[in-house]
Amino acid sequence: MKIDKICLTDFRNIETLQLEPDAGVNIIYGDNAQGKTNLMEAVWLFTGAKSFRGAKENELIRFGKERCALEISFTGSGRENTAQMVFGQQKKLLLNELPLKSSGELSGKFCCVVFSPVHLALVKDGPAARRRFLDTCICQMLPSYLQALSEYSRVLSQRSCLLRDSREHAALLDTLEIWDMHLVQYGAYILSVRKRFVGKLQHHAAEIYSGLAGNTEKLSLQLASTIDGTEEDDRKLLEQRFMEKLHQNRAEDLRLGTTGVGIHRDDVDILIDGKHARSYGSQGQQRSCVLALKLAESGILQEKMGENPIILLDDVMSELDHHRRDFLLNYLGDRQVWMTCCDPQYFFSLKNGKTMRMEHGRLIGA
Ligand code: ATP
Ligand code: MG
């Protein structure tokens, strides 16, 4: 998959921009606060997902303007496509000239994997960030998973209400078994999918990490579950284990009014040579872990879709030593890649691709 052309109008600090990027590597360099990440964010929005910076739509519009327009031509699924987005009072989304109801409909049509410094949260923050990563990746490939997730959280909150209300109305506890059955059904399905996915992710990420670290360190990933600590992914068996755990934990759940075991407590342990990257990893190691996870995600997407997603790497090169930078550039091979950095010296060795300077929202040398 690749972008052939992008045009932006009044998008953040970019008044107008027209670019025909290289099919391979595109380097956008420049001083701080010039608009490099803004351009990456614009490309990302065409995946149909929300801004990776968590921005609201009206924040995307250039100060003092009423609307912003984004347009791309891209090659994907073996054909040429166009997509347009207009944000403002009248929002407009078009794919191949046909209007879409929501940006979610773009999902799966235009695929990117993004790494920006905010994604370091994947290693540094609590389990919720890692669950979100797993769920977002899986949803792109398995739409039924999203449904199961929302059913699970609905049942979970009903169960919590019931636990609390039962303190005053003990008869309510008669229905707890039914809620537990629903919870177990959705939960075991989600856990089995997550286990398989983490297995695949581990396979790709370990190989990439080992390349980044010059074969001197080993990355491993483990799904840490409150339900089951084995690699077993049989759904029926997981249902049984989950139900047993709920029974064991019932007194505690009643006391606290919450559910102490389940997939809402899952985490992914990210280990370098058996030690938690979160507690012991250096900045470069943590960055390499996230990079390996993101590139592993792109490998899995590639297997699923039969074509490479576009790779957006915002400010990745700082904190990577020259071996890691060289490995990364080689690894990316024939994918379309967009990279930003402040200092273009990292790329002097690059023979192909385009290098452009971003200055006050304008691209120079495009
Ligand atoms: P760094 O190297 O520090 O990451 P950058 O080149 O990636 O910098 P961006 O984050 O792309 O910088 O752009 C930041 C600039 O865009 C800021 O100066 C900010 O004020 C400006 N900006 C953000 N939103 C808007 C908007 N809606 N309208 C106009 N300017 C905006
Ligand atoms: Mg930036």
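Helix α5 (residues 176-212) packs against helix α8 (residues 283-305) at an angle of about 125°, and their axes lie 8 Å apart. Helices here are DSSP runs of H or I with at least four residues, numbered from the N terminus. The model is predicted: local features need pLDDT of at least 70, side-chain atom pairs count only at pLDDT 80 or more, and totals for chains, interfaces and linings use all residues. Residues are numbered from 1 along each chain as its sequence is written, and side-chain values use heavy atoms, with hydrogens and water left out.

- The angle makes α5 oblique to α8.
- The residues of α5 that make the contact (heavy atoms within 4.5 Å) include Phe 197, Leu 201 and Tyr 209, and those of α8 include Cys 289, Leu 293 and Ile 300.
- By class, this contact of α5 with α8 has 13 nonpolar, four polar and three charged residues.

**Domains**
- The protein is divided into domain 1 (1-111 + 309-366) and domain 2 (120-306), with bounds from an automatic or database domain assignment.
- The C-alpha centres of domain 1 and domain 2 are 31 Å apart.

**Domain interface**
- In this interface, 16 residues of domain 1 are in contact with 19 residues of domain 2.
- The area buried between domain 1 and domain 2 (accessible area, 1.4 Å probe, lost on being put together and summed over both) is about 1500 Å², and carbon and sulfur atoms give 64% of it.
- On the domain 1 side, Pro 309, Glu 319 and Arg 324 lose the most area to domain 2, together 37% of what that side buries.

How values were computed: Chains lettered and ligands numbered in written order. Axes fitted to C-alpha atoms, helices over the stretch in contact; angles between N-to-C directions. Helix = DSSP H or I, 4+ residues; strand = E, 2+ residues; numbered from the N terminus. Parallel < 35°, antiparallel > 145°, perpendicular 65-115°, else oblique. Nonpolar A, V, L, I, M, F, W, Y, C, P; charged D, E, K, R; others polar. Buried area = accessible area lost by both parts, 1.4 Å probe.
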